[in-house]
Amino acid sequence: MAVLLIADVNDGHLATDQVGKALTAVAGLGEVHVLVAGLGGDAAAAEAATLQGVSKVIFAEDHAYCHGMAESTAALVVSLAGGYSHITGAATAFNKNVLPRVAALLDVMVMSDVTAVIDAETFERPIYAGNAIQTVKSSDAKKVFSIRTAAFAAAGAGGAAAIEKLAGPGEAGLSAWVEDRVAASDRPELTSAKVVVSGGRGVGSKESFAIIETLADKLGAAVGASRAAVDSGYAPNDWQVGQTGKVVAPNLYVACGISGAIQHLAGMKDSKVIVAINKDEEAPIFQVADYGLVADLFTAVPELNAKL
Ligand code: FAD
């Protein structure tokens, strides 16, 4: 058995945290080969080679695989599939685009958001917004699945795998990259941040969100938001945490003016330490919080900011 792990690459560098965690998830399944695809991915390939548990890095250097184009990347993965029993990657936007396409081309099922690998055929994944865990057994010849990385610790460095260059099938001709519009931010990326400070409907307006952002900046944190805050226009869409937003599991999650609906909890309840600030002592967020402060956030957060 061998595993092909599709690496996420950002600006020519490996998304080390995501790839390292995915690596830990599949470590018990056999040899792991990491696929790095795209022009200028030398640094990413070298970074992948140093991760503990990687037996080989396959580096497909072609313009076709830049910008995470799913059609061409899926064709590349399918061209390699013969040698692998398992094809996987972290459940990122990139892999969520590529893996279902790979599964369809191979005519197998895709298992998404795997949180535990029980054995070579059996996997666990959350359903009903994380309120139940489903155990899935696949009899497909090849298992294709994405990994919810929040459930795993990242593999460390110290490896020295060989890097094999490969010429893939190139452009699939089904799509063309036009542009990426990336929101510029000095803050850490939400899904991999060690600290996240989120605001909900209780923050009340876009202008008031500044106190949440100040707290985040003082803590070196990413900023998150509930869907109600996003829908009300207080925060941009890409800050949404939850079932239909991003799934985060930082060391510290600070929820301000968020009630704690199950759809929000689905995106943050695996955080190591949860702090909730809410003026309603009955708010469900306090059931998952390690530290709860029953207070008006407009008093508590500026006070916290001043102390920090
Ligand atoms: P509310 O529930 O309105 O809570 C606001 C809280 O702020 C209250 O607890 C209140 O006591 C407190 N508050 C008010 N003023 C203050 C103050 N001055 N100081 C302190 N506390 C104050 N939600 C998500 O977040 N993410 C998702 O991905 C998501 N996906 C969904 C998917 C589906 C299919 C559905 C149906 C819903 C989804 N939701 C999601 C919405 C979810 O059900 C809730 O409506 C939403 O999370 C509520 O956001 P909130 O906690 O900010 O607002």
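**Exercises on a predicted model**

Ala 176 lies in the loop between strand 12 (162-166) and strand 13 (195-199), where helices (H or I, at least four residues) and strands (E, at least two) are DSSP runs numbered from the N terminus. The model is predicted, so that local features need pLDDT of at least 70 and side-chain atom pairs count only at pLDDT 80 or more, while totals for chains, interfaces and linings use all residues. Residues are numbered from 1 along each chain as its sequence is written, and side-chain values use heavy atoms, with hydrogens and water left out.

**Exercise 1.** Decide whether Ala 176 is buried or exposed, and state how far apart Ala 176 and Gly 199 are in space.

*Solution.* Begin with accessibility: Ala 176 counts as exposed because its relative accessibility is 63%, given that buried means under 20% relative accessible area, exposed over 50%, and partly exposed in between (1.4 Å probe, protein chains only). Then turn to the distance: from C-alpha to C-alpha, Ala 176 and Gly 199 are separated by 37 Å in space and by 23 residues in sequence. Ala 116 is classed as buried because its relative accessible area is 18%.

**Exercise 2.** Locate Asp 11 and Asp 113, and find what the backbone phi is at Asp 11 and at Asp 113.

*Solution.* Start with Asp 11, which sits in the loop between strand 2 (9-10) and strand 3 (13-14) and has a positive phi of about 50 degrees although it is not a glycine. Asp 11 is exposed, because its relative accessible area comes to 79%. Next, Asp 113 belongs to strand 7 (residues 110-114), and although Asp 113 is not a glycine either, its phi is positive, at about 60 degrees. With a relative accessible area of 18%, Asp 113 is buried.

**Exercise 3.** Describe which residues surround the ligand and how much of its area the protein buries.

*Solution.* First, 25 residues surround the ligand, the closest being Arg 201, Ser 226, Thr 244, Ser 259 and Asn 278, with a residue included if one of its heavy atoms lies within 4 Å. Second, consider individual atoms: a side-chain N or O atom of Ser 226 is 2.5 Å from an oxygen atom of the ligand, a backbone N or O atom of Arg 227 is 2.9 Å from a ligand oxygen atom, and a polar side-chain atom of Thr 244 is 2.6 Å from a ligand nitrogen atom. Third, the ligand taken alone exposes 980 Å², of which the protein buries 76% (Shrake-Rupley method, 1.4 Å probe; for residues, only the protein chains shown count as cover). Finally, helix 6 (227-231), helix 7 (262-265) and helix 9 (297-307) are the elements that give two or more residues to the shell around the ligand.

Methods
A polar contact is a pair of N or O atoms within 3.5 Å; within protein, one must be able to donate a hydrogen and the other to accept it, and residues adjacent in sequence count only if both atoms are side-chain atoms.
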